[in-house]
Amino acid sequence: MPLIVMCGFPCSGKSQRTEELKEYFLKSTERKVFVVGDDTVGIDKNDVYADSQKEKNLRGALRAEVERKVNKDDVVILDSLNYIKGYRYELFCLIKHTQTPHCLVYCVTSAEVSATWNASREADKRYIQEILDALVMRFEAPDSRNRWDSPLFAIQKDDTLPFEAISDAIFHRKALPPNQSTQNQPLSSTNFLYELDKVTQDVLTAVLSAQKTSVPGDLIVVPGATEKISFLCLCA
């Protein structure tokens, strides 16, 4: 599934934009659309974002859920703050591994607008002002010059989403090739256990043979080793 990563301040309109994107893809394509985000995992935002370990666990849970759903067919939208540059890079590595395109939608708002929208929410859905201020201060804005933030769509609060451009970015852009760090290591050859057992037996035979004729301090040759080994060390 192509991945759309949402990004922005708390109360920046991300969830509304997510719903607009979901509705667009459901109407214009035959693809399934999956939304993964803070709301889908059922968290208390003020509790989680006040505790760095809980927040880290949340990011890990969201990333794992994205990884479970992402493939080459449908659409996954990650509706969360995604305000940490390193975390967006982790997501970038994930999509390279699965070889599926992605894009970043940055909902641009000022801290003042974010605070106003937060205050207009129902009491049980608001961020505590202290938490809101801390998240705004820690926010690391995306930069299209970074490959993990590209292609980037920066959307102002009064903008209409560029649906066709976003669709083109995730459906018609060639997926990034995986590199060595994102590829699974090749499986061992089918005769690996046989070879391992053979080498082990050769070493044991050499050690047992040396015990018959050597005294502590002698140097012996072990099959496969480039240097001789002290018989005293083997006895210890």
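How many nonpolar, polar and charged residues does the lining of the largest cavity have, by class? The lining has 7 nonpolar, 2 polar and 2 charged residues, where Ala, Val, Leu, Ile, Met, Phe, Trp, Tyr, Cys and Pro count as nonpolar, Asp, Glu, Lys and Arg as charged, and the others, Gly among them, as polar.

The model is predicted: local features need pLDDT of at least 70, side-chain atom pairs count only at pLDDT 80 or more, and totals for chains, interfaces and linings use all residues. Residues are numbered from 1 along each chain as its sequence is written, and side-chain values use heavy atoms, with hydrogens and water left out.

On a 1 Å grid over the protein atoms alone, a cavity is a set of points where a 1.4 Å probe fits but cannot get out; a pocket is an open set with protein on both sides within 12 Å along at least five of seven lines, and lining residues have an atom within 4 Å of a point. A volume is the space filled by probe spheres set on the points, which are joined across faces, edges and corners.

| Space | Volume | Lining by class |
|---|---|---|
| Largest pocket | about 510 Å³ | 6 nonpolar, 6 polar, 10 charged |
| Largest cavity | about 80 Å³ | 7 nonpolar, 2 polar, 2 charged |

The largest pocket is lined by 22 residues, with Ser15, Asp39, Lys45, Arg121 and Lys125 nearest its centre. Helix 1 (14-28) contributes the most to this lining, 3 residues; helices are DSSP runs of H or I, at least four residues, numbered from the N terminus.

The structure holds 1 cavity of 30 Å³ or more. Helix 4 (residues 52-69) supplies the largest share of the lining of the largest cavity, 4 residues. Tyr49, Glu55, Arg59 and Tyr87 are among the residues lining the largest cavity.

Terms used. Helix = DSSP H or I, 4+ residues; strand = E, 2+ residues; numbered from the N terminus.
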